[in-house]
Amino acid sequence: MKVIDHLRNANKTLFSFELLPPLKGHNINGIYKTIDPLLEFNPSFINITYHQEEIVYKKHKSGLLEKKTIRKRPGTVAISAAIKYKYPAVDVVPHLICGGFTCEDTEYALIDFHFLGINNILALRGDAPKGFRAFIPEKEGHPFASDLVKQIINMNKGHYLDEEMENIAATDFCVGVAGYPEKHIESPNITSDLTYLKLKIDSGAEYITTQMFFDNEKYFSFVKRCREAGITVPIIPGLKPITHLNDIRSLPQVFNIDIPEDLVREIQKCENNEQAFHVGVEWAIHQSRELVKFGVPVLHYFTIGISENIRQIAKAVF
Ligand code: FAD
């Protein structure tokens with residue numbers, strides 16, 4: 001089922017979560033171990049992230065550095081299919097990015113998803129590769145997520161890149177896009193960010209999943225600004241419970257988000273990661289309950305491969 005149909009049919013807040021493919025060389029069983037404890041809460045869908053190639057430097061004995069390009073977490077398409085067929089009651093939402101893809105590569109990836117019976121995509125641009133300041137699209141690729149949305153919607157209308165093809169089978173993807181309650185890091189201001197968010201919706205995306213936030217007021221005000229800007233689609237809040245002492249430093253750096261003073265104070269009182277993990281769970285329960293009261297369509301959790309905290313939160317909330 002499409003995410004938008006889950007949202008339309010729901011009479012209460014739904015539960016969903018995001019998984020990362022395992023690191024290259026690791027077993028898919030780790031994915032199932034993350035999913036299994038969460039099944040009792042009836043997840044409507046599971047997102048699977050996409051990871052672009054990274055540039056790494058290998059130091060040789062001679063002191064020379066060798067530049068290598070590697071994909072640390074391949075397997076998004078295969079994992080999406082494996083989950084879909086192992087857990088028929090749960091839908092999968094693979095992420096697809098512009099980075100590293102030509103338009104033709106994108107078309108082939110979409111054809112694979114279509115053949116696999118997967119009809120949900122979260123369409124993203126992707127970040128600048130590590131060590132680079134700016135995102136650089138492939139020569140024949142998309143510079144922005146809105147362009148990727150347009151290509152997917154074109155395929156839904158039966159328009160492939162080769163316009164001369166005949167007897168075309170149109171795809172039928174439900175497309176979601178990312179939104180940033182605290183503004184995307186590269187955006188000069190929230191108004192500009194919302195202009196481009198609206199472009200993604202006007203291009204055919206049917207819902208928004210947000211970046212993590214730790215202060216619900218940021219989400220409430222984002223929803224209000226979206227509505228004022230004419231963005232009417234469902235806005236799914238993304239939640240990431242704190243798990244480590246260092247999260248209060250690393251998360252703002254990586255995701256351009258604020259951590260509220262109260263939460264920072266609570267984490268600073270912790271003596272170890274175990275205590276920080278517990279504070280993270282309590283904070284997320286509080287956030288989740290308030291969001292349910294607000295009437296959010298789904299609570300979407302970023303697992304980063306850990307399900308015990310999400311299990312404790314879901315048990316308290318659903
Ligand atoms: P866009 O919507 O293209 O926006 C990027 C920036 O460009 C913004 O500042 C926007 O305001 C601006 N902009 C947009 N259109 C235009 C335009 N036409 N002209 C000028 N400026 C414009 N990354 C991954 O690599 N893999 C994942 O699986 C992944 N999953 C994610 C899931 C969620 C829920 C979220 C919130 C993010 C995820 N990301 C993922 C990170 C995402 O790829 C980055 O945040 C990226 O920097 C921006 O992606 P976007 O799709 O929001 O880009």
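## Helix packing and the ligand site

Helix α4 (residues 103-115) and helix α5 (residues 145-156) cross at roughly 50°, and their axes come within 11 Å. That angle makes α4 oblique to α5, and the crossing of the two is right-handed. On the α4 side, the contact is made by Cys 103, Thr 106, Glu 107, Leu 110 and Ile 111, while α5 brings Leu 148, Gln 151, Ile 152 and Met 155. Sorted by class, these are six nonpolar, two polar and one charged residues. Please keep in mind that all of this describes a predicted model.

Two further helix pairs are worth a look. Two packed helices are described by the angle between their axes and the distance between the axes, so here are those values side by side for each pair.

| Helix pair | Angle | Axis distance |
|---|---|---|
| α4 and α5 | roughly 50° | within 11 Å |
| α6 and α7 | about 60° | 10 Å |
| α9 and α10 | roughly 155° | within 8 Å |

Take α6 (residues 190-202) and α7 (residues 216-228) next. These helices are oblique to each other, and α6 passes α7 in a right-handed crossing. From α6, the residues Ile 190, Thr 191, Leu 194 and Leu 197 meet Phe 222, Arg 225 and Cys 226 in α7. The residues of this contact divide into five nonpolar, one polar and one charged.

How do α9 (residues 261-269) and α10 (residues 273-294) cross? Their axes cross at roughly 155°, which makes α9 roughly antiparallel to α10. Here too, the crossing is right-handed. The α9 residues Asp 262, Leu 263, Glu 266, Ile 267 and Lys 269 meet Gln 275, Ala 276, Val 279 and Trp 283 in α10. By class, that contact has five nonpolar, one polar and three charged residues.

Now to the ligand. Which residues are closest to it? Of the 23 residues that surround the ligand, the closest are Tyr 50, Asp 127, Tyr 180, Asp 193 and Lys 200. For Asp 193, an N or O atom in the side chain is 2.7 Å from an oxygen atom of the ligand. The side chain of Lys 200 likewise has an N or O atom 2.7 Å from an oxygen atom of the ligand. With Ala 145 the backbone takes part: one of its N or O atoms lies 2.8 Å from an oxygen atom of the ligand.

The helix ranges tie the two topics together. Ala 145 is a ligand neighbor through its backbone, and α5 covers residues 145-156. Asp 193 and Lys 200 are among the closest residues to the ligand, and α6 covers residues 190-202.

Conventions: Residues are numbered from 1 along each chain as its sequence is written. This is a predicted model: local features need pLDDT of at least 70, side-chain atom pairs count only at pLDDT 80 or more; totals for chains, interfaces and linings use all residues. Side-chain values use heavy atoms; hydrogens and water are left out. Axes are lines fitted to C-alpha atoms, for helices over the stretch in contact, and angles run from 0 to 180 degrees between N-to-C directions. Helices (H or I, at least four residues) and strands (E, at least two) are DSSP runs, numbered from the N terminus. Angles under 35 degrees count as roughly parallel, over 145 as roughly antiparallel, 65 to 115 as roughly perpendicular and the rest as oblique. A crossing is left-handed if the near helix is turned anticlockwise from the far one by less than a right angle, and right-handed if clockwise. Contact means heavy atoms within 4.5 Å. Ala, Val, Leu, Ile, Met, Phe, Trp, Tyr, Cys and Pro count as nonpolar, Asp, Glu, Lys and Arg as charged, and the others, Gly among them, as polar. A residue is near a molecule or strand if one of its heavy atoms lies within 4 Å of it. A polar contact is a pair of N or O atoms within 3.5 Å; within protein, one must be able to donate a hydrogen and the other to accept it, and residues adjacent in sequence count only if both atoms are side-chain atoms.
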